[in-house]
Amino acid sequence: MKSDFQRYPEKDWLVGSSLPSDFNPTTIQKILNELSPESVRTFWESKKFEGLTDKVEPWYGTAYSIEKVSPSTIQAWMSSAPNENLHLPAPNVFIPTDLSIKNAQEKIKLPVSLRKSSYSKLWYKPDTVFFTPKAYVKINFDCPHAINSPETEVLTDLFTRLLMDYLNEYGMINADDFSLVFYCDLSPQCFVFHASAYCARVAGLRYHVRCTDSGFQVTLVGHNHKLRILLETIVDKIAKFEVKPDRFSVIKEMAIKDYQNWKFQQPYEQAKDYFSLILEDQSWPWMEQLEVLPCLNVEDLAKFAPIMLSRAFLECYIAGNIVHEEAVSMIHHVEDVFFKGSNPICQPLFPSQILRNRVVKLGKGMNYCYSKEGLNPSDENSALVHYIQVIVFVRRTKEGLNPSDENSALVHNIQVHRDDFKLNVKLQLVALIAEQAAFHQLRSVEQLGYITLLRLRNDSGIHGLQFIIQSTVKDPGHIDIRVEAFLKMFESKLYEMTKDDFKSNVNALINMKLEKHKNLSEESQFYWTEIISGAPKFDRREAEVDALKKLTQQELIYFFDENIKVGATRKKTLSVRVYGNQHLAEYNSQKSEAVQPNTVQIDDIFSFRRSRPLYASV
């Protein structure tokens with residue numbers, strides 16, 4: 001690391017802060033003998049010392065003082081020792097003792113659906129690649145009551161924040177008054193019920209509980225031997241969730257600050273959020289969430305938690321050094337906790353509650369534009385998100401109806417989602433070829449903005465191409481025009497591409513897809529993305545490589561002409577513009593300009609969203 005060059009002499013640059021050596025109990029005892037009250041150095045940071053210090057460090061102007069510990073104080077420490085509250089931790093139950101690699105009974109190369117009930121579905125993949133004593137567990141709690149309003153979404157957020165807080169409670173440090181010496185290492189106890197934050201982390205286990213767009217999610221990764229203990233700990237905390245008023249106040253205050261800080265996000269982040277609000281059917285604006293948050297109290301969350309959990313379906317994925325009997329047993333335990341007993345916490349979902357996110361369908365040949373003043377009045381940056389939506393479904397047309405009639409299609413046609421590998425790779429290849437050209441032209445040549453990105457986007461199976469540009473020098477309307485100009489220039493580049501260049505780009509994309517996963521977590525995240533899509537294709541990379549090998553240059557050009565080319569009759573574009581304080585004049589002037597043909601100005605996001613049809617769910 002570069003910092004090692006500053007910290008250590010040249011001969012120790014490669015060694016850094018530690019050097020492996022033989023076990024030497026004499027040296028260890030010598031160090032332990034130095035840990036005495038006479039040689040202790042304590043760092044104490046607190047607001048209590050404001051105005052009581054006599055020194056200021058020269059770099060950040062931090063006030064401080066240095067005091068010697070008096071002999072009488074040291075003697076008082078020694079006379080009061082040992083203190084029963086100061087002791088070594090109890091044995092860490094999470095430390096693995098079995099690091100053996102289990103032989104999978106079947107050499108399963110891709111995830112399989114191991115079992116399904118009205119309560120849950122379990123996907124399973126043993127480790128046949130990395131051969132490490134580790135496992136990966138992810139459980140999605142699909143809870144319809146968690147996401148049906150801004151208020152319930154905020155309550156779910158508070159629920160997951162408090163849950164993480166309870167699991168971390170023995171790793172907590174008071175931000176107003178804490179000592180840096182041994183504070184965390186000497187946590188008073190290491191019971192299973194409270195050990196997740198520190199003991200599990202020391203033992204090589206990680207976990208996280210977070211909100212999702214369908215409820216909340218639990219993720220665990222690390223050594224497989226004691227991972228089930230951690231899972232049972234978290235499940236028990238969820239099942240016995242209670243709201244502690246003191247912690248609720250702290251977590252609520254932190255949440256309010258996070259929501260308030262949204263307006264200080266970079267303008268391109270604001271534009272991306274507006275974009276999601278426009279396209280995603282089940283999404284709520286942060287402004288409404290911030291409005292309800294201060295009014296929520298302990299009783300609100302205490303009443304909400306059991307309602308949220310009252311109807312649920314668990315989507316589960318278990319992978320790694322675990323045999324399938326263990327995986328089934330783990331999910332059986334989770335089901336028993338939540339769905340069994342005389343008064344179960346959860347009931348299965350009704351068929352009507354099995355919902356998937358759906359995406360707004362933009363009109364063919366139409367350009368949609370949403371403009372907004374930046375929320376931070378001191379921010380000079382403006383931003384543009386320019387999105388091109390690509391069709392990803394097939395239609396079954398009833399006999400006698402016109403499939404090209406948009407209105408007829410809405411009433412009479414059955415839209416069937418199709419995960420078309422060939423269509424996918426065409427869009428990916430266009431993005432790959434265009435990415436470097438867009439960066440060079442829009443950032444290096446025209447210098448529109450430091451942040452200049454061209455990305456693929458996938459919203460619940462609806463694919464598209466997205467330009468993201470943030471600038472202080474040009475307003476979003478001008479940048480939008482320059483994006484269109486780039487696409488016209490790129491059109492020529494695509495037409496004039498040689499066969500060798502086309503083949504080179506195809507091979508580059510193939511090589512990217514054939515790159516192996518680096519570890520179990522990366523592999524699991526890839527497969528989990530497929531699972532939550534609703535229509536998993538675990539062999540996607542191989543299938544898309546096959547599609548790429550069969551793709552012709554003319555097919556790619558035809559795809560571009562149909563979906564991305566400026567003026568294409570099927571093209572669907574959405575531009576989201578956020579204006580910084582440097583471009584408020586342009587923002588005000590564009591509001592009075594005449595709307596161009598085939599262009600729709602979006603004034604109200606939710607009125608627009610209600611007025612548009614939605615793509616079929618997968």
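Two strands pair if DSSP finds at least two bridges between them. Strands themselves are DSSP runs of E, at least two residues long, and helices are DSSP runs of H or I, at least four residues long, both numbered from the N terminus. With that in place, β15 and β16 pair in the antiparallel sense over 9 bridges.

Before I go on, some housekeeping. This is a predicted model: local features need pLDDT of at least 70, side-chain atom pairs count only at pLDDT 80 or more, and totals for chains, interfaces and linings use all residues. Residues are numbered from 1 along each chain as its sequence is written, and side-chain values use heavy atoms, with hydrogens and water left out.

The overall picture, then. The protein has 20 helices and 18 strands. Of its 618 residues, 43% count as buried, where buried means under 20% relative accessible area, exposed means over 50%, and partly exposed is in between, with a 1.4 Å probe and protein chains only. Contact means heavy atoms within 4.5 Å. Among contacts with a separation of 6 or more, 80% are between residues 24 or more positions apart.

Back to β15 and β16. I451 stands opposite Q470 in β16. The hairpin of these two strands has 2 residues between them, and S460 there takes a positive phi near 50 degrees.

Where does this hairpin sit? β15 and β16 belong to an open sheet of 6 strands, in the order β15-β16-β12-β17-β11-β18, with mixed pairing. The edge strands are β15, residues 451-459, and β18, residues 599-601; each pairs on one side only. Neighbouring strands of this sheet are turned by 20 degrees against each other on average, direction ignored. Angles here run from 0 to 180 degrees between N-to-C directions, and axes are lines fitted to C-alpha atoms, for helices over the stretch in contact.

At the β18 end, strand β11, residues 366-373, pairs with β18 in the parallel sense over 3 bridges. N367 stands opposite T599 in β18. Helix α13, residues 421-445, packs on the sheet and touches β15 and β16, the latter being residues 462-471; the direction of α13 makes about 165 degrees with that of β15.

α13 also has a helix partner. Its axis and that of helix α15, residues 499-514, come within 10 Å and cross at roughly 110 degrees. That makes α13 roughly perpendicular to α15; the classes are roughly parallel under 35 degrees, roughly antiparallel over 145, roughly perpendicular from 65 to 115, and oblique for the rest. The contact is made by V425, Q428, L429, L432 and I433 of α13 and F502, N505, V506, A508, L509, M512 and K513 of α15. By class, that is 9 nonpolar, 2 polar and 1 charged. Nonpolar covers Ala, Val, Leu, Ile, Met, Phe, Trp, Tyr, Cys and Pro; charged covers Asp, Glu, Lys and Arg; the others, Gly among them, are polar.

Next, helix α17, residues 540-550. Which of its residues are buried? They are R540, R541, A543, E544, V545, A547 and L548. Their cover includes α13, α15 and α16.

Helix α16, residues 520-532, holds E523. Why does E523 count as buried? Because its relative accessibility is 4%. Leaving aside neighbours within four places in sequence, E523 is in contact with K125, V129, F130 and H517.

Now the other sheet I want to show. An open sheet of 6 strands has the order β4-β5-β10-β6-β9-β8, with mixed pairing. β4, residues 112-116, and β8, residues 205-212, stand at the edges with a single partner strand each, so one side of each is left without a neighbour in the sheet. The twist averages 15 degrees from one strand to the next. β4 and strand β5, residues 120-126, run antiparallel and are joined by 4 bridges. The bridge partner of V112 in β5 is Y124.

Helix α6 lies across β6 (134-142), β8 and β9 (215-223), at about 160 degrees to β9. The axes of α6, residues 227-239, and helix α11, residues 324-339, come within 10 Å and cross at roughly 15 degrees. That makes α6 roughly parallel to α11. The contact is made by residues including L227, L231 and V235 of α6 and M330, V334 and F338 of α11. By class, it has 9 nonpolar, 2 polar and 2 charged residues.

That is the end of my part.
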